[in-house]
Amino acid sequence: MSAPDARLHRTEGQSAPRRRATVAILDYGSQYTQLIARRVRESRVYCEIFPHDVTADELAARGVAGVILSGGPSSVYEPGAPRIDPRILDGRIPVLGVCYGMQLMAAVLGGEVAPEGKREFGPAALEIDDPSGLFEGLGASERAWMSHGDTVRRLPPGFHGIARTERLPFAAMSDGRGRFGVQFHPEVMHTPRGAEVLRNFLYRVCGFEGDWTPAAFVEDALAELRRTIGDRHAICALSGGVDSAVAAALVARAVGDRLTCVFIDHGLLRAGEAEEVVATFGSRLRLVHVEASERFLARLAGVSDPERKRAIIGEEFIRCFEEQARRIGAVQLLVQGTIYPDVIESRSRESKTSARIKTHHNVGGLPEVMDLEVVEPLRRLFKDEVRRVGAELGIPEDILWRHPFPGPGLAVRIVGEVTRERLDTLRAADAIFLEELRAADLYRAVAQAFAVLTPVRSVGVMGDYRTYGALVALRAVTTEDFMTADWARVPYDVLARVSARIVNEVPAVNRVVYDVSSKPPATIEWE
Ligand code: XMP
């Protein structure tokens, strides 16, 4: 979700479970840092990613009982290379350095790091010399994934090598007292037993119990929310998407009627969506359903430019939301469904300049002019964890597994002007596509699927008559993170059924095409 502005105060660490021990992952810029976090969480251990310049005191204040240093693109001796507060490495808490993390540990603790001459990238046979601790349960030789230019040439005092490869005398090191380094990447799939290496570090070395479960998260989060919200009142914009739904359900469970959810139906939702949101949440939380399609469509009349559509919908949404907030009265808090990748991404956006491809209006991050404190109970969770927490809270599967849907809704899936009639056409085509994907058991296999109504009209023939109808495009993609995506290889027979049904059941449409563009160069949405 988009980051709110400076007038919204945020309580850092909301719902970070205080009682449970935490692993800190220090980020040295590796593309795999998030993957380390996911692997740790999959071992049911709570972890957070920190910038590499975090201090030992800050980690202690957060209850950190184990540290993992990520890999990174730098070379430890180059000017400006990211360092570490040396007190983190003083041996009081267990540390595992991965790739650059291992090199940094070696350099700081008195060893020596040198360039290898030629970068090593790919699988290597790891010969394990010490099968205890980190490598407990592994074979004498295991496949491990390498991606590095430098290597540890001399170990720091007190360390010994615990694994080798043909190229590396020190592919892993240990001081025998809880400090380890591995030159390979245990977090990637290409290191088949890497997850066990990480688990050994977490369970055997750090002594964690693996008790961080969805139920444990809910228990911690409820206590934390009750403490931070106290007897104040909160408001939440419910979009029907999984993040805001889970955030709202969690806060409602914590404070009951002191949360009011506002569901603004802008008339740009998919078939049956508004009804489903009301049916699901109307009975379990205090819900205000605002039917606002008239005013949104009135403002969109005659507008074809995608960015203009987004701006109008964004503004109108804020207006609607503020009106509702005023009607509800004394509200001090705004609940948002921000999740961990948003937090990490906005942090890295602060340090990078990037071209704006399209403005992502997001219904969660809006009311800039309201003086509200932001509550983000999911800001430390990955998407799959949000779904598990949602299941724990009893939210139906249909909502938890729903594909992402853009804030401006169908308006950015209608190329050209948005009218009621064109919305009805698109909704009908889209519903058929999704229904057939579900019937073929493909809905969860693709990350996002939808129909697009194009302004193209083409000639067709139906019965003995010439038609001149609309062109609908179908888009289905596979992706991990929505930053890059590939078109999904939906089987021809499924596409044939979808196409036949659309041209038969949706009168305005006489031609259907399938979008075979990847992102980049295309984007997932058409506008
Ligand atoms: P693109 O089209 O940029 O989409 O490849 C990437 C992901 O973002 C979603 N998307 C949006 N989400 N407001 C949103 O909340 C928007 O304006 C918006 N535009 C795109 C898109 O559905 C995909 O999941």
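1. Glu 316 forms a salt bridge with Arg 295, with 2.8 Å between the closest N and O atoms (a salt bridge is a side-chain nitrogen of Lys or Arg within 4 Å of a carboxyl oxygen of Asp or Glu). The pair links distant parts of the chain, 21 residues apart: Glu 316 is in helix H9 (residues 306-328) and Arg 295 in helix H8 (residues 293-300). Arg 295 counts as partly exposed, at 27% relative accessibility. Helices (H or I, at least four residues) and strands (E, at least two) are DSSP runs, numbered from the N terminus.

2. Before going on, please keep in mind that this is a predicted model, in which local features need pLDDT of at least 70 and side-chain atom pairs count only at pLDDT 80 or more, while totals for chains, interfaces and linings use all residues. Residues are numbered from 1 along each chain as its sequence is written, and side-chain values use heavy atoms, with hydrogens and water left out.

3. Two further salt bridges deserve a look, out of a count of 40. Arg 475 forms one with Asp 515, the closest N and O atoms being 3.3 Å apart. Here strand S17 (residues 465-478) supplies Arg 475, while Asp 515 sits in the segment after strand S19 (509-514), 40 residues apart. Both Arg 475 and Asp 515 are buried. The other joins the side chains of Glu 112 and Arg 154 (3.5 Å, N to O). Glu 112 is in strand S6 (residues 112-128) and Arg 154 in strand S7, so this pair ties together parts that are 42 residues apart in sequence.

4. Asp 150 is in strand S7 (residues 141-154), and is buried yet has no salt bridge; Arg 119, the nearest side chain of opposite charge, is 7.3 Å away (Lys and Arg count as positive and Asp and Glu as negative; His and the chain ends are not counted). What does the side chain of Asp 150 make a polar contact with? The partner is the side chain of Ser 75, at 2.4 Å (a polar contact is a pair of N or O atoms within 3.5 Å; within protein, one must be able to donate a hydrogen and the other to accept it, and residues adjacent in sequence count only if both atoms are side-chain atoms).

5. Strand S5 (residues 95-98) is covered on both faces: Val 95 and Gly 97 on one side, Leu 96 and Val 98 on the other, are all buried. S5 runs parallel to strand S4 (residues 64-69), with 3 bridges, and parallel to strand S10 (residues 179-182), with 4 bridges (two strands pair if DSSP finds at least two bridges between them). Ile 68 stands opposite Leu 96, and Gly 97 has Gly 181 as its bridge partner in S10.

6. Finally, the domains: the assignment gives domain 1 (22-205), domain 2 (213-400) and domain 3 (413-514), with bounds from an automatic or database domain assignment. The centres of domain 2 and domain 3, taken over C-alpha atoms, are separated by 28 Å. In domain 2, 15 residues are in contact with 10 residues of domain 3 (contact means heavy atoms within 4.5 Å).

Conventions: Buried < 20%, exposed > 50% of the residue type's maximum accessible area, 1.4 Å probe, protein only.
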